[in-house]
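Colleague: I'd like to go through this model with you, one question at a time. Can you bring it up?

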Amino acid sequence: MTHPTELALAMLADDALEAHDAVEVEQHLAGCDRCAAHVAALREESQALEAALAYDPASVSVPEFVKPASVRAMVTGSVVVLLIAASFSTARGLIDVSVPDAVKWFNPFNAGGAVNLLVRAGTFLLSDRGSQLASSIVETLGGIVIMLLLLWTASVLGRRIRGPMMMACIACAFALQPSRSEAVEIRHEHEGSVLIPADETIDDTLIALGDTVEVNGNVSGDLIALGRRVIVRGNVAGLVITGGESVTLDGSVDGSVLAGAETLTVSSRRIGRNLFGGGESVNVTDTSNIEQNMLVGGEKVTLAGHVGHDVLGGGEELEVASTIGGALTTYSKRMTLLAPAHVAGDVHAHGVEKKDHVVVSPGAVIGGQLITELDKMDLEKNRYLTAHFYGWELVWLAAAFVAGFALLWVVPALQRVPFDGVGDALRSGSYGMVALVATPIIAVLACITVIGIPVGAIALMAWCAGVYLAKVVVAQLIGSRVLDAVAEREEHFAVSLLVGLLILTFATNLPFVGGVIGFIVTVVGLGLLVLFVHDVIFDDESIEGV
Amino acid sequence: MKVDFEAEYRSSYGRVFGLCLRLLGGTVLAEDAAQDAFVRAYRALDRYDPAQPFAAWVVGIARNHCIDLLRRRRHGELRFGDEAADLAAAESESTEGIDALVISERGGRVRAAIAALPEKYRLPILLAYYDDASYDEIAEALGLSRNHVGVLLLRGKQALRKTLAPSEEESR
């Protein structure tokens, strides 16, 4: 007698055989005790499996259902936010609540940024101010687009992120951000030069872009000047951000200065806060006066003038003739302290090649001590034997843990990112590499267009956060896998995060290979983040065919 | 007929969550997937046929969604192997060792053993014996033929029997 196949019997036991096959097998069973008993055993087995897998739905606590935001709700929301913000802005214009600058942040009537632009666009329409109208509208549209993007992100991520309000708050904060100056004035000349004559005062923040940018007049807001040649002789009430082939700063600046140039010359008689400068050749002349700190780096750095607090300088060759209120710390092969120099605090010269490459001229005064650290000594010293090293590693670990805990609490889906072996590592690694390299480039390119500045800034911030959090994602991945292997039950994510971070801290500090491991971890983690965000945004269709 | 979504959600959540938990493994992932399934159902309410039980409909969505998530974990593809090879192996296997009692007595170990099965056996077994999906439904969800589903279930159960068979010491 030929018995039916094992498959036929199993399918019969599951009532899955086609009707005519079933009849045939049933007929066989009637005459074959062995097969009948086998099918009965299979049926029992299936029932036992069902019982073993059964899950008591009553044991689950049902979370509240969060309805997805509809397009209509999003549009209505955006319009409401805009209207509220616009009315605040208008009300402020009518009442003109006068508060000191420092507390303006708390003032709910202080609608800034995008909203101000919107209201201004309306006024321009009424007063017909021609040429400025177009750029105003473009800026306004840019602002609206950014706000809509934020609201859209909030609605997409809302389901996964605890408290969709968090994102809504960010959007509102963006819309109602305090802006010190009412507007931004942009001067842009592709090939020619931008000249602000001495008798002109810019009442706004000024963005000047051109081949040559010469600002002789005063600026009451911030100044952003980019060009091949930048000269600032006027006074700036805010911050100065500038870059170019050659940059010369002559005027007084109330805020800080951020400058990067091939040749950077600073002779401002007053910089109210800090100077951050870098370039091939940096020259801070003796007429300059920096009230707080100075941080400069370059191939050849010459420093003079007065600095209120500390100076940190780096470069191949450093010459210092400044009067410094605090300490002077240098990282250079050669350091020379020239005659009128007066350093109230200590002088730390790091990384000098030979002891006699630190020269203190007669007449130069050091209030504290002169400490020279030779380049070779740094190499020879075993960093693993210093308490300093372990202290900083502990700080890094604690900070990463706090940041990681917050991230994983806010985005629980990141507690278990899908990751299976080498294939996923390569895939996320390649995405990570692209994100690591391309994001800053795109962000900088975006900043070239005015509307792109906020987009570029957001992208850069996201990039920085991503690079930092990449390690957290990988740490959680490693920690959860390790705990899965050794622990009986599922541990809280804080435990796996801590385990992962400890492993990573150890691995990235291994001699010789630590750096490479750190880089790989960053790239893979960044890739995982990119893929995760991609998966959240691009929803799939699972309803088809149900 | 208007569907009381909130009420249907409350009554069917447990089943949907259970399915996601069995398929995906982790509580957090399951909660997320269950929410996703209901969000999808909510968005597609106009395509819901009230003649069908709501729970069955949303369970179907959850099933597809979980399979999709698993597929993404595997770089967009779930591999179910060669049907003929699996069939040949299944037919050559001894038919002894089927003991429903072993399964009933060892609920926890059975679940662990299923979780440890290769994905190509694990998914059909969970869909058939937890989800109560028919061979046709499983075949459609996984993109297989009905017969292939039968072969995978058979092989999966054979593997389970081996894992769960009482060891020498236990049977003594």
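Colleague: Which word describes how α2(B) and α3(B) lie to each other?

Modeller: Keep in mind that this is a predicted model, where local features need pLDDT of at least 70, side-chain atom pairs count only at pLDDT 80 or more, and totals for chains, interfaces and linings use all residues. Residues are numbered from 1 along each chain as its sequence is written, with chains lettered from A and ligands numbered from 1 in the order in which they are written. The two axes (lines fitted to C-alpha atoms, for helices over the stretch in contact, with angles from 0 to 180 degrees between N-to-C directions) come within 9 Å and cross at roughly 125°. Angles under 35 degrees count as roughly parallel, over 145 as roughly antiparallel, 65 to 115 as roughly perpendicular and the rest as oblique, so α2(B) and α3(B) are oblique.

Colleague: And how do the residues in the contact of α2(B) with α3(B) split by class?

Modeller: Contact here means C-beta atoms, placed from the backbone, within 7 Å. On the α2(B) side you have B:A33, B:A34, B:D36, B:A37, B:F38, B:R40 and B:A41, and on the α3(B) side B:V58, B:I61, B:A62, B:H65, B:C66 and B:L69. For classes, Ala, Val, Leu, Ile, Met, Phe, Trp, Tyr, Cys and Pro are nonpolar, Asp, Glu, Lys and Arg charged, and the others, Gly among them, polar. The contact of α2(B) with α3(B) comes out as ten nonpolar, one polar and two charged residues.

Colleague: What handedness does the crossing of α2(B) and α3(B) have?

Modeller: The rule is that a crossing is left-handed if the near helix is turned anticlockwise from the far one by less than a right angle, and right-handed if clockwise. For α2(B) and α3(B) the crossing is right-handed.

Colleague: How many helices and strands does chain B have?

Modeller: Helices are DSSP runs of H or I with at least four residues, strands are E runs of at least two, and both are numbered from the N terminus. Chain A has 13 helices and 20 strands. Chain B, read from the N terminus on, goes α-α-α-α-α-α-α-α-α-α. That is ten helices and zero strands.

Colleague: Which residues does B:V16 contact, leaving aside neighbours within four places in sequence?

Modeller: Some background first: in soluble globular proteins, nonpolar side chains tend to be buried together. With those sequence neighbours left aside, the partners of B:V16 are B:A34, B:A37, B:V58, B:V59 and B:A62.

Colleague: Which helix gives the most to the side of chain B that touches chain A?

Modeller: There, 53 residues of chain B are in contact with 45 residues of chain A. The chain B side divides into 24 nonpolar, 13 polar and 16 charged residues. Several helices supply at least two residues each, including α1 (5-24) and α3 (54-73). The biggest share, eleven residues, comes from α2(B).

Colleague: Over in chain A, how does α1(A) lie to α3(A)?

Modeller: A:L9, A:A10, A:L12 and A:A13 of α1(A) meet A:C35, A:H38, A:V39, A:L42, A:R43 and A:S46 of α3(A). The crossing is right-handed. The two helices pack at about 50° with axes 9 Å apart, which means that α1(A) to α3(A) is oblique.

Colleague: How exposed is A:D15, with its positive phi?

Modeller: Phi of A:D15 is near 55° in a residue other than glycine, and A:D15 lies in the loop between α1 (6-13) and α2 (19-31) of chain A. Because A:D15 has 11 C-beta neighbours inside 10 Å, A:D15 counts as exposed.

Conventions
A residue is buried if 20 or more other C-beta atoms lie within 10 Å of its own, exposed if 12 or fewer, and partly exposed in between; C-beta atoms are placed from the backbone. Two residues are in contact if their C-beta atoms, placed from the backbone, lie within 7 Å.
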